[in-house]
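Please keep the sequence and the 3D view at hand while reading.

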Amino acid sequence: MTGQILARFTKPLGDFCLDVDLSLPHRGVTAIFGHSGSGKTTLLRCIAGLERTEGSLSVNGEVWQDANRFLPTHRRPLGYVFQEASLFPHLSVLGNLNYGRKRTQQEHRVGLEQAVDLLGIGHLMDRKPDKLSGGERQRVAIARALAVSPRLLLMDEPLAALDLARKQEILPYLERLHEHLDIPVLYVSHSPDEVARLADHLVVMESGRTVAQGPLGEILARLDLPIHLGEDAGVVLEATVAELDPTWHLARLNFPGGSLWTRDSGLTPGHSVRVRVLARDVSLALQHYEHTSIQNVLPAVVEAMAPDDHPGLTLVRLKVGGSVLLARLTQRSAFTLDIQPGHSIFAQVKSVALLE
Amino acid sequence: MFLTQEDVQALILTARLAGTTTAILLLVGTPVAWWLARTKSWVKGPLASIVALPLVLPPSVLGFYLLLALGPQGPVGRLTQWLEISALPFSFWGLVLASAFYSTPFMIQPLQAAFEGIGERPLEVAATLGAGPWDRFFTVALPLARRGFLTAGVLTFAHTVGEFGVVLMIGGNLPGATRVASVQIYDYVDAMQYAQAHHLALVLVGLSFLVLLVLYTRRSVSAWSKV
């Protein structure tokens, strides 16, 4: 089927078995999320053809693997970014970038200059990999994968080997890829933060199986999955900057169903931003209190409730206009306030994290 | 002159023998080392043991079996007779063949270690960048293993220069054809011509030291520049 990535694989993996049947959109960023050892990397390697196993794979209508054929990795029009940059030590940065470029027959939809610019590595071209910092190396590796104009970009935890500062250095570049290039990305990660920032689509894996797959917002708002995320349970909202309040250095963000005030970190009115609202930052009130320090109070309807990973806590899914929020509160509060599905209520949002 | 004409002849023959042996072993040993470095087959253990045998066998044992194989009753001997080419024992090419067997581990073991040191990752990266198996070998594996090639080449060459027992068993002592430097020295000593033995021996010591010096300085320099 065109417009889709259809992947089905089975492969024994230590204690369990990789057993997936995925149908993913052939656009945007699909995050494959799961804890270490859940089979994410193996899945990615199967898609790249680096692991040979039973299954089938078609990308945008092209069959890469089925019962009769197995396209070897070097014939698949893909880009792969490994966890470690894995640059060729005997080649300069330019040599590394050209290695794949020279070997791809298809037209180059991504110019070398474009890849270099997007990753900000123009000044490094003549250097050898051992003269680069960890962050620079990974940026070169990403540019190298992009420069072949892949029809599918596979990224295996490209930030996991880096420290926090280097992660912060690279994330903006990844977001730029997302904005500027029309290349579908499969992004393996165990970091809820990276997933919330980058993904449009989410696949959750556990012990070799997919627990859930779907649009990011939908999956994150599910009550049965946030348990796996623990402290990071929360939703992501796509919003636009509606107005700025220069007096108080605040900005108002409109999302489908309401608006939120947040600190103005140099936003431009009209721009789209992605915000993350963690369940632990949302509290509930029966009335709209005026005397509270909390700036964001939204009328909401309780949709559903589910036990959280701690017996004293409960997760509540709220409908706010066209959007969904999650709130984490104690069982006792839920009981005292008589929070029940269908009840109208006020959601107090203590903090909002801007992701872009 | 310091060296007699026979000495020079013996030195040239030694260099020719060592050079030819190294070249042949490079061609034959590289694929074997590559295969040994990457296979998971059960054959790996037995094959690696065969490759290492010349390290422990007395050269006379190896030479003895080779002589039997190459002789008129041996399989190789019959083959050369059938092909109507001259017999291999007591000839230069017989020496080359024997030396190649004798020096096999010195070529294959460093190469295998170098290939193993590269690991799977660079080759996988190359595959994801569109490089087929041959392409990966020549553009990634060979350049990354170049230090292993240098070591293997120098060791093989030097080891062939230093061999004695196998040469005597297979090649004998024919001036200009099979009398290499080590045999020439033996002859001098046998004939109590210690002064001549000294000269040739000193040349060998000097040359060997130079070769190894180049190898080890290059090594430490490149190792140092990696820091």
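Which residue in β2(A) stands opposite Leu13(A)? Phe16(A) takes that place. The model is predicted, and the predictor assigns the complex an ipTM of 0.82 and a pTM of 0.83. The points below begin with chain A as a whole, continue with one of its sheets, and then turn to chain B.

**Chain A as a whole**

- Chain A contains nine helices and 20 strands.
- Its radius of gyration is 22 Å, which agrees with the value near 21 Å that a compact globule of 356 residues would have.
- Along the principal axes, the C-alpha atoms of chain A fill a box of roughly 65 × 50 × 35 Å.
- Of the 356 residues in chain A, 43% count as buried.
- When contacts in chain A between residues at least 6 apart in sequence are considered, 66% of them join residues at least 24 apart.

**An open sheet in chain A**

- Four strands of chain A make up an open sheet, arranged in the order β2-β1-β4-β5 with antiparallel pairing.
- The edge strands are β2 (16-25) and β5 (62-65) of chain A, each of which pairs on one side only.
- On average, neighbouring strands of this sheet are turned by 15° against each other, with direction ignored.
- Strand β1 of chain A covers residues 4-13 and pairs with β2(A) in the antiparallel sense over 10 bridges.
- Helix α1 of chain A, residues 40-48, lies across β1, β2 and β4 (54-59) of chain A.
- The direction of this helix is at about 120° to β1(A).

**Thr10 of chain A**

- Thr10(A) belongs to strand β1 of chain A.
- Leaving aside neighbours within four places in sequence, Thr10(A) is in contact with Cys17(A), Leu18(A), Asp19(A), Thr53(A), Glu54(A) and Gly55(A).
- Asp21(A) is 11 residues from Thr10(A) along the chain, and the C-alpha atoms of the two are separated by 8.9 Å.

**Where chain B touches chain A**

- How many residues of chain B are in contact with chain A? There are 14, and they touch 17 residues of chain A.
- On the chain B side, the elements that give two or more residues are α6 (121-128) and α7 (133-144) of chain B.
- Helix α6(B) supplies the largest share of that side, with six residues.
- By class, the side of chain B that touches chain A consists of eight nonpolar, three polar and three charged residues.

- Arg16(B) is located in helix α1 of chain B, which spans residues 5-38.
- Arg16(B) counts as partly exposed because it has 14 C-beta neighbours inside 10 Å.
- Arg16(B) and Ser86(B) are 70 residues apart along the chain, and their C-alpha atoms are separated by 20 Å.
- The average pLDDT of chain B is 88, and 96% of its residues score at least 70.
- Residues 221-227 of chain B have a pLDDT below 50, and beyond near neighbours in sequence this stretch has one contact in the model.

Notes
Residues are numbered from 1 along each chain as its sequence is written. Chains are lettered from A and ligands numbered from 1 in the order in which they are written. This is a predicted model: local features need pLDDT of at least 70, side-chain atom pairs count only at pLDDT 80 or more; totals for chains, interfaces and linings use all residues. Two strands pair if DSSP finds at least two bridges between them. Axes are lines fitted to C-alpha atoms, for helices over the stretch in contact, and angles run from 0 to 180 degrees between N-to-C directions. Two residues are in contact if their C-beta atoms, placed from the backbone, lie within 7 Å. Ala, Val, Leu, Ile, Met, Phe, Trp, Tyr, Cys and Pro count as nonpolar, Asp, Glu, Lys and Arg as charged, and the others, Gly among them, as polar. The radius of gyration is taken over C-alpha atoms; the globule rule is 2.2 Å times the number of residues to the power 0.38. A residue is buried if 20 or more other C-beta atoms lie within 10 Å of its own, exposed if 12 or fewer, and partly exposed in between; C-beta atoms are placed from the backbone. pLDDT is the predictor's confidence in each residue, from 0 to 100.
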